[in-house]
Structures are given as structure tokens and as C-alpha cells.
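Dear colleague,

Please find the structure for your review below. My notes on what was found in it follow directly after.

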Amino acid sequence: MTALLSAQNLSFTYENTKQALKDMSFNIEQGCFCALLGPNGAGKSTFFAIASALNRPTYGNLFIHGYDIAQTPRAALALMGFVFQQTTLDLDLSILQNLRYFASLHGIGNKLGEQRIQEELERLDLYDRRHEKVRQLNGGHRRRAEIARALLHHPALLLLDEASVGLDIATRRTLVDHVHHLCQERGTSVLWATHLIDEVRENDQTIILHNGQIAGQGTAHELAAPTLEQTFNDLTQRGQTCLT
Ligand code: ADP
Ligand code: MG
């Protein structure tokens, strides 16, 4: 079976200054929750820029269900939903207006759009707030609104870049739970980028990224020797020099 996401020797260099990703190879199968765990500067957002076709790989390929993101971005992007590190909602529009705009960009008809918006907002306990401007929402509600938006076109793969940054522990836990439920209930595959070890669950496929390279991969359970935190610290704090 074709993997939903397949990175093959993916490498990226910023304008001849810095090699931010080096020879990154991994797969995400359908219905898998994959944690991309790396400290600040590891290359997580660089990977997201490639996955969203903002940047082209310098070398290697990224396939989304067999579609090469650099060659056939439209087909690949239609299968993905994104929550980026920086909010991309329009702060002066309501949640409903933001979601309607996104649905129409994706060519989702009015009736289906309204139905999906209601479904996603109810699932995230946001429906009663739909007329509130994003600017008035707290950080947790904004993140939930972004997740609802990213799911409107029913993507097979949801990618979230540090989606929980700045949120309190209880709100973070709710978000992580919700996204795990999506995997279990809908079979959505997830790539969850974070620098926070406590967001990774025992059965999650885990990729430890350090200085643009995969330093370890397996389930969190397999990587825990004796704990995931210990492995993470060993692999990322040995003072390895940055790639140049
Ligand atoms: P992370 O998201 O894991 O914190 P990034 O992907 O943002 O990491 O950054 C990876 C490396 O690439 C860092 O060393 C960062 O300084 C560098 N970098 C990121 N964006 C740029 C850019 N636009 N130009 C040059 N270097 C960059
Ligand atoms: Mg980042």
C-alpha cells in the first residue's frame, strides 16, 4: 500500500547559507499519528514549508499518497490540511467568516460547506462562538478554530506545526487528545511537530529531528531507553555541530 506521506532523502538549503534538512527519509501510513519531535531550530518548520509547497526541496522528494509535492502540488495539497506555527486566520473576521472563506477557496459548495463547518465546530466545542471575531478569542480557541478550518475539506493527512505553543497544560492535553481521536475515529493521518516531549504518546510513531537530520525513529515506546526524555536529551544535546 502507498504510504500517505513518504519523504525520500529530503534535503533543503536556505540560499546557500544553511542546510536546514539533510537526507530525511520516513513514511507515514494511513491512520498513523506521527510526532516530529525536535528542539528549536531542528528543521520542523522548514519541513512544513516544503510539505505546503512554499519551498522546493534542494534534493530528494516528498510524496503525498504518491503525488510528488514539487511536481504535482495541487493533487498533493488537496489531500492535506495545515495548522502552521503562526496563525493564518484573519483576526478581524469571525470564526464563521474565516471558515466560509476557506470552504469556498476549496470549492466546497454552500450547503456542504455549512454542514461541515457546523460539524467541525461542534466537535471542537466552538459552534456557540462562531460569530466571535478571532481577535477576541483566547489562544486555545484560536488553535481549535484553525484545526476546524484545516479539516473542512476532509484531508487524509493533517499537519500541525507547534500547534500547542503558548497554551496551558490542560488546553494542550485537550488538543493532543482531540487530534489522536481524529486518527482513531476517522483514520486521518497526523504529523504533529513539537519540541514538547510530554505531547508524545507511547504508541505514536516518533521522529527525533536534530540539526536537520533524523536522529532516531520508532514508536515512542521503542525509543524510550529508559525514557523518551532521556533518549531525546541524548540525541539532541550532545553538542553535535550544526550542519553547514
Ligand atoms: P524549527 O521549526 O524546528 O524550530 P526551522 O525549520 O525554523 O526549525 O529552522 C531550521 C534551521 O534553518 C534553523 O537553524 C534556522 O535558523 C534556519 N532557517 C529557518 N528559516 C530560515 C531562512 N528563511 N533563512 C535562513 N535560515 C533559516
Ligand atoms: Mg518551527
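How many residues of domain 1 are in contact with domain 2, and how many of domain 2 take part? On the side of domain 1 there are 15 such residues, and they meet twelve residues of domain 2. Please bear in mind that this is a predicted model.

The two domains are set out as follows. The domain assignment builds domain 1 from four segments of the chain, namely 1-25, 34-79, 157-222 and 235-244. Domain 2 covers residues 88-154. Taken over C-alpha atoms, the centres of domain 1 and domain 2 lie 24 Å from each other.

As to the interface, about 1000 Å² of area is buried between domain 1 and domain 2. Carbon and sulfur atoms give 65% of that area.

In a salt bridge between R123 and E185, the closest N and O atoms are 3.6 Å apart.

Which elements give two or more residues to the side of domain 1 that touches domain 2? They are β7 (157-161) and α6 (169-186). Of these, α6 gives the most, with seven residues. By class, this side of domain 1 has nine nonpolar residues, four charged residues and two polar residues.

Yours sincerely

Conventions
Residues are numbered from 1 along each chain as its sequence is written. Chains are lettered from A and ligands numbered from 1 in the order in which they are written. This is a predicted model: local features need pLDDT of at least 70, side-chain atom pairs count only at pLDDT 80 or more; totals for chains, interfaces and linings use all residues. Side-chain values use heavy atoms; hydrogens and water are left out. Domain bounds come from an automatic or database domain assignment. Contact means heavy atoms within 4.5 Å. Buried area is the accessible area (1.4 Å probe) that two parts lose on being put together, summed over both. A salt bridge is a side-chain nitrogen of Lys or Arg within 4 Å of a carboxyl oxygen of Asp or Glu. Helices (H or I, at least four residues) and strands (E, at least two) are DSSP runs, numbered from the N terminus. Ala, Val, Leu, Ile, Met, Phe, Trp, Tyr, Cys and Pro count as nonpolar, Asp, Glu, Lys and Arg as charged, and the others, Gly among them, as polar.
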